[in-house]
Amino acid sequence: MGMIKNHALQKGDVLAVARVAGIMAVKNTSILVPLAHNNVAVEGCSIDLSLVNPDDEDAAIVSQALEQQIGSCGGLKIQVICESTGKTGVEMEAMCGVVGAALTVVDMCKSVDKDITITDVKTIGKKGGKSGDWGIFAKE
């Protein structure tokens with residue numbers, strides 16, 4: 001994690017490149033997922049990549065949310081939020097964004113960490129659509 005934070009990896013700024021890869025994955029979801037809707041009008045996309053230090057207070061929160069302990073070296077939390085006013089949801093676009101960003105991190109870090117792992121890719125909420133608001137967007 002220190003090498004990512006200090007931009008010390010040979011391939012460059014991991015978080016910046018992963019953010020671009022995530023955006024590219026969102027835009028190409030219908031190519032990556034054969035039965036996903038084609039040309040979904042994604043009107044907004046935010047990608048947040050944050051380093052999680054295993055000793056930080058956030059690590060406990062992230063570990064609880066993922067139902068898995070953060071490793072002793074720390075971890076990287078990737079959150080993608082997509083917005084659309086179209087008829088179909090953008091869950092697949094958001095998940096492709098997370099996976100695209102995560103795979104880029106693996107590619108850029110594999111030379112220094114042979115045990116790097118991607119875990120717990122999941123949708124944590126949706127706002128609008130036929131199923132209504134749920135998860136983190138559920139109205140209480």
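Mentor: Buried means under 20% relative accessible area, exposed means over 50%, and partly exposed is in between (1.4 Å probe, protein chains only). This is a predicted model, where local features need pLDDT of at least 70 and side-chain atom pairs count only at pLDDT 80 or more, while totals for chains, interfaces and linings use all residues. Residues are numbered from 1 along each chain as its sequence is written, and side-chain values use heavy atoms, with hydrogens and water left out.

Trainee: What is the relative accessible area of Glu91?

Mentor: Glu91 has 26%, so it counts as partly exposed.

Trainee: And which residue does Glu91 form a salt bridge with?

Mentor: Lys126. A salt bridge is a side-chain nitrogen of Lys or Arg within 4 Å of a carboxyl oxygen of Asp or Glu. Here the closest N and O atoms of Lys126 and Glu91 are 3.1 Å apart. The pair ties together parts 35 residues apart in sequence, because Lys126 lies in strand β3 and Glu91 in helix α5. Helices (H or I, at least four residues) and strands (E, at least two) are DSSP runs, numbered from the N terminus.

Trainee: Lys126, buried or exposed?

Mentor: Buried, because its relative accessibility is 16%.

Trainee: Why do such side chains pair at all?

Mentor: Side chains of opposite charge can pair when their charged atoms come close.

Trainee: How many salt bridges are there by this rule?

Mentor: Three. In another one, Lys11 pairs with Asp107, with the closest N and O atoms 3.3 Å apart. Lys11 is in the loop between α1 (2–5) and α2 (14–27) while Asp107 is in helix α5, so this bridge ties together parts 96 residues apart in sequence.

Trainee: Which residue is at 2.8 Å from Asp107, closest N and O atoms?

Mentor: Lys110, again in a salt bridge. Shared partners join Lys11, Asp107 and Lys110 into one network. Lys11 is partly exposed at 48%, Asp107 is partly exposed at 31%, and Lys110 is partly exposed at 42%.

Trainee: New topic. Which residues make the nonpolar surface patch?

Mentor: Val99, Leu103, Ile118 and Val121, giving about 280 Å². Patches are made of residues with over 30% relative accessible area and no salt bridge; like charges are joined within 9 Å and nonpolar side chains (Val, Leu, Ile, Met, Phe, Trp, Tyr) within 5 Å. The areas come from the Shrake-Rupley method with a 1.4 Å probe, and for residues only the protein chains shown count as cover.

Trainee: Where does Val99 lie?

Mentor: In helix α5, residues 91–109. Val99 is partly exposed, at 34% relative accessibility.
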